[in-house]
Amino acid sequence: MSAFLDTLSAIILESWTVLGEMAPYLLFGFLVAGVLSILISPTRIERHLGGKGFAPVLKAALFGIPLPLCSCGVIPVGASLRRHGASRGATTAFLLSTPQTGVDSILVTLALLGPIYALFRPIAALATGLLGGAAATLVGEDNDEGESPACNKPCCTGDGERNKLTTALRYAFLTLPQDIAKPLLVGIAVVGVIGAFVPDDYFAGLFGGGMVTMLVMMIVGLPLYVCATASVPIAAALIAKGVSPGAALVFLMTGPATNAATVATIWRVMGKRTAAVYLASTAVCAIVAGLVLDAIYTTADATAGTATAHMLPGSVKVVAAIGLLGVLGVALLRSHRPHTDQQLEHSSGTAIAAPSRGEPDIVDGADSLRTQAAEIEIEGMTCSHCTQSVQRALGECSGVAAVEVDLNAGHAAVLGSAMDLAALREAVESLGYRVI
């Protein structure tokens with residue numbers, strides 16, 4: 001019993017230490033991400049990603065770097081960009097650069113791995129996006145019929161006249177934490193287990209470093225789903241146990257950017273050639289970036305570590321850690337809260353009552369109009385960005401007046417008149433989801 005308690009104490013201590021190091025930077029990253037959610041909206045991005053050539057690819061890769069979108073959340077956003085006129089190359093660049101990093105993960109990288117790593121990581125993401133976007137432009141698809149025409153319908157943004165500060169804070173400390181709370185807490189727990197059970201320099205002796213370790217990290221990272229932020233503490237723990245900074249970078253690039261579901265969705269939405277380009281670009285850039293990063297650390301005689309985080313007083317770390325746990329706890333409670341909202345958001349920003357389940361497909365609407373009510377069961381939504389993409393896609397369909405998407409239930413309720421149900425289904429499935 002005593003040995004068990006000692007082991008549990010070691011795991012908790014390791015986890016708490018990492019939590020304290022990253023908490024101040026992650027909370028600040030959440031705040032910055034909230035501001036970016038107002039400044040960089042999908043509609044704003046779309047205006048820059050149309051047309052041919054390399055310029056849209058560069059813009060797409062740059063836009064993707066600060067956005068806190070994981071590999072599951074970036075797929076519907078990328079598919080929506082494509083539907084609204086983004087070129088194939090620009091869409092691919094966005095899909096590649098976005099999940100690898102984000103303003104929150106960059107700040108966590110700074111806290112746990114130091115400034116060299118924090119600077120190099122977004123550069124590697126940019127290079128991956130540029131290579132993949134350029135390759136996708138050259139390769140195309142067998143059934144390509146030119147670039148997708150831009151959608152000229154008004155967008156269902158859902159913001160209306162809502163106070164921007166409130167919207168930014170809500171996204172920063174409610175929506176975004178809700179998307180990453182589970183993988184982040186799992187990642188911190190994994191760090192505790194590695195720290196407690198794995199001896200120092202264990203991985204260095206096991207793999208011998210260099211290319212072999214990078215290939216192992218790639219094999220581990222390619223099918224695995226870890227978000228860009230949650231993967232950082234795991235990478236830091238691996239480095240502490242002997243994995244080279246470059247090999248850990250391979251994991252940081254492949255883990256967030258690729259998993260089986262992501263690749264399958266890209267195959268279905270963008271085509272098999274684009275899916276192959278996506279995988280090849282990620283693999284090649286990860287290995288090259290890992291080799292370059294190891295060379296940088298060797299030349300500079302530097303060590304990836306938490307020197308910047310030690311500049312903060314211990315009391316700040318403790319308060320920030322408690323605050324972060326509170327934010328993540330609220331996020332978990334919200335993610336499991338039963339959905340009781342019975343209002344649909346209208347494209348004008350107002351709300352109208354939603355029909356309860358089991359009502360007829362045609363109900364009496366406002367102003368004595370005959371209004372259709374469609375209910376759609378959707379498989380594959382995993383985060384708030386999924387619900388936003390589905391709501392927007394449905395809101396742009398002809399005849400739709402209001403849309404409500406319930407992430408937990410995998411359900412969308414749509415009100416309108418003269419709606420084409422086949423078009424509603426197609427709009428959802430064009431984002432990579434399945435209507436059941």
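The legends below describe close-up views of a predicted model. Residues are numbered from 1 along each chain as its sequence is written, and side-chain values use heavy atoms, with hydrogens and water left out. Local features need pLDDT of at least 70 and side-chain atom pairs count only at pLDDT 80 or more, whereas totals for chains, interfaces and linings use all residues.

**View 1. The aromatic pair.** Tyr117 and Tyr297 form a tilted aromatic pair, 6.3 Å centre to centre with 45° between the planes, where rings of Phe, Tyr and Trp (its six-membered ring) pair if their centres lie within 6.5 Å, and planes under 30 degrees apart count as stacked, over 60 as edge-to-face and the rest as tilted. The partners are 180 residues apart, with Tyr117 in helix H7 and Tyr297 in helix H14 (helices are DSSP runs of H or I, at least four residues, numbered from the N terminus). Tyr117 is buried because its relative accessible area is 0%, and Tyr297 also counts as buried, at 6%.

**View 2. Ile296 in helix H14.** Ile296 is found in helix H14, and this residue counts as partly exposed because its relative accessibility is 32%.

Terms used: Helices (H or I, at least four residues) and strands (E, at least two) are DSSP runs, numbered from the N terminus. Buried means under 20% relative accessible area, exposed over 50%, partly exposed in between (1.4 Å probe, protein chains only).
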